[in-house]
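Open the model in your viewer and keep the selection tool at hand. The stops below say what to select next and what is there.

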Amino acid sequence: MMGRGICPSLVSIFGKEVAMPGFTPGRRWQPPFYPFKKLPLGERALAATERLVKGPLFGCRMCGNCLLQETAFICPMECPKGARNGPCGGSTEEHCYVDETRPCIWYKIYDRATVLGREEMLLEVLPPLDWDKVGTETWGDVYNRVHQIGAFKVVKGLATRDHVQRTMVWDTIFRPVRQPDWWEGDAEYHGPQYEEPVSELERRLKAGEFVVTAEVAPPMSTATGKLRENIDLVKPYVTSINFTDNPSATPRMSSWACSQFAIEKGAEPVMQIAARDRTRTGLQSEVIGAAAMGVRNILCLSGDSSRMGPPPLGRADVLDIDSIQMLWILRRMHDEGKYLDQRKIKFPPKYFLGAAASPYASRPDFQAIREHKKINAGAQFFQTNLVYDLDGFEVWLEALAQRNILDKVHILAGVTPLKSLRMAQYMHNSVPGVSIPEPLLQRMEYAGEAAGEEGVNIALELIEGIQQFKGVSGIHIMAVGWESIVPRIVTEAGLLPPDFVTQEEVNVSKEPVNQ
């Protein structure tokens, strides 16, 4: 695995000299985990040795669930979020958006994987931490696997010149270590195991319609009058209505509560779930309850870091599960009818499973790996981050097309009408994964008091451009509190649903007829 180094910060991996993160001068890495329980002396000694060796070499945090073979020998637990399946939607090449004093460790992982020709290995869906193993050693697990296979067979297999044979032996050793029986992750595409659509959104997308969804902002109090009013306002113009889950890590009414109000009003909700606020137990419980209430569309998100929320700062270091792990768990619940702990679900939940996509969060080829992994894990539709740069959006679509995955997911491009220059500048400078081209910022500036009208014109132009791209199935309007503009945008864009009926017409049809 490792040979001589050409300098203290370089070692040879598979015959190629690559930088080792732990040896970078001046670099400070994340502190290691320690076990919660008292271990026997031998295990403590082995763990201490592993910590001393793997810490400087790989930035290892002793998570007890080692993934180094799949992450180009850089520990993903260096990520302040503890993201184990790729970068978050706010990643940048310059630094981590949660902690700007650090680089994004996933950029380093992707860069090295590309150099080593191992980028396809990043598609494997990796498990969440087993906290009973956190802080303990992994070498013992590897030794046990070698013992089970037979030391002679392992040495013979690794010594062969047959690359396929060496890879198979290597994987036989390490795969069970990183993929426990309760997870069984892989790098394969898992299509839905049902045929009839479970929601109106899924039905229309499968029918080939260019659909429109929209967000309605949850209230910040128990008052629901405005929420109900906005649901009635938007409902005739869209297929489904999204309810955000505490965006910017700021508390609001929960997405599942708003989804229930939408169902009561005859609208179809898309319930968003942010991994930031969920444990694996809470996720499964919440989804079972939501499905029982009639929620048929679920959007999985990592969630904005608590760094973006109001003080005091909440814990921001480790997510119990990330969005890709959420997709894997929820797909298996509805396709295989079993919980994460392998218990059978007698009446499995039914839902159309979605995820967020970030066309501008990182390099298009890197981001395409991330989206590919979400699709493999179970994402059936994407709602993208805000699209203002059509050229960049096309590059991202081409990166997905090169991976032959455009036919495996329905993409709804995110559009937000800019209400003011100040809003545009905030979006451009402060919202992770969002970039507004300078010409659009100038248009908003020159518009002066008519900036809101100019923002609507820009949105309509973007929608027209988005409709020209192959592989896009609709748009997702994020009005950011400006729900009253949604009917106008949908109407002027020529995207009224085939069965469009205004709320006034609905109310008239319900009036009793005098005999």
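**Stop 1: a pair in helix 6**

Select Glu200 and Arg204, which lie 4 residues apart in helix 6 (residues 200–206) and are therefore separated by about one helical turn. Helices (H or I, at least four residues) and strands (E, at least two) are DSSP runs, numbered from the N terminus. The model is a predicted one, in which local features need pLDDT of at least 70 and side-chain atom pairs count only at pLDDT 80 or more, while totals for chains, interfaces and linings use all residues. Residues are numbered from 1 along each chain as its sequence is written, and side-chain values use heavy atoms, with hydrogens and water left out.

The side chains of Glu200 and Arg204 meet in a salt bridge, at 2.8 Å from N to O. A salt bridge here is a side-chain nitrogen of Lys or Arg within 4 Å of a carboxyl oxygen of Asp or Glu. Are the two partners buried or exposed? Glu200 has 27% relative accessibility and so counts as partly exposed, whereas Arg204 is buried, with a relative accessible area of 6%. The cut-offs are under 20% relative accessible area for buried, over 50% for exposed, and in between for partly exposed (1.4 Å probe, protein chains only).

Stay in helix 6 and select Leu205. This residue is buried, with a relative accessible area of 4%.

**Stop 2**

How many salt bridges does the structure hold? There are 31. Select Arg178 and Glu124, whose closest N and O atoms are 2.8 Å apart in a salt bridge. This pair links distant parts of the chain: Arg178 is in helix 5, Glu124 is in the loop between helix 2 (105–116) and helix 3 (139–149), and 54 residues separate them. Arg178 and Glu124 are both buried.

Next, select Arg278 and Glu286. They form a salt bridge with the closest N and O atoms 2.7 Å apart, and both residues are buried.

**Stop 3: the second largest pocket**

Go back to helix 5 (residues 163–178), which supplies 7 residues, the largest share of the lining of the second largest pocket. About 690 Å³ of space lies in this pocket. Of the 22 residues that line the pocket, the closest to its centre are Arg118, Met121, His163, Thr167 and Trp170.

On a 1 Å grid over the protein atoms alone, a pocket is an open set of points where a 1.4 Å probe fits, with protein on both sides within 12 Å along at least five of seven lines; lining residues have an atom within 4 Å of a point. Colour the lining by residue type, and the residues divide into 8 nonpolar, 4 polar and 10 charged.

**Stop 4**

Select Leu46, Leu52, Val53 and Trp139, which make a nonpolar surface patch of about 350 Å². Patches of this kind are made of residues with over 30% relative accessible area and no salt bridge, with nonpolar side chains joined within 5 Å. Which helix gives the most to the patch? Helix 1 (residues 41–58) does, with 3 residues. Val53 is found in helix 1, and this residue is partly exposed, with a relative accessible area of 36%.

**Stop 5: loops and backbone angles**

Select Val295 in the loop between helix 9 (280–293) and strand 6 (297–301). Val295 counts as buried because its relative accessibility is 0%. Val295 and Glu268 are 27 residues apart in sequence and 7.7 Å apart in space, C-alpha to C-alpha.

Most residues other than glycine have a negative phi, and most peptide bonds are trans. Select Pro311 and Pro312: the peptide bond from Pro311 to Pro312 is cis, with omega near 0°. Pro312 lies in the loop between strand 6 and helix 10 (323–335).

Move to Asn404, in the loop between helix 12 (390–402) and strand 9 (410–415). Its phi is near 55°, a positive value in a residue other than glycine. Asn404 has 56% relative accessibility, so this residue counts as exposed.

End at Val480, in the loop between strand 10 (472–477) and helix 16 (486–492). Val480 has a positive phi of about 50° although it is not a glycine. At 54% relative accessibility, Val480 counts as exposed.

Terms used:
Grid points are joined across faces, edges and corners, and a volume is the space filled by probe spheres set on the points. Ala, Val, Leu, Ile, Met, Phe, Trp, Tyr, Cys and Pro count as nonpolar, Asp, Glu, Lys and Arg as charged, and the others, Gly among them, as polar. Patches are made of residues with over 30% relative accessible area and no salt bridge: like charges are joined within 9 Å, nonpolar side chains (Val, Leu, Ile, Met, Phe, Trp, Tyr) within 5 Å. Accessible areas come from the Shrake-Rupley method with a 1.4 Å probe; for residues, only the protein chains shown count as cover.
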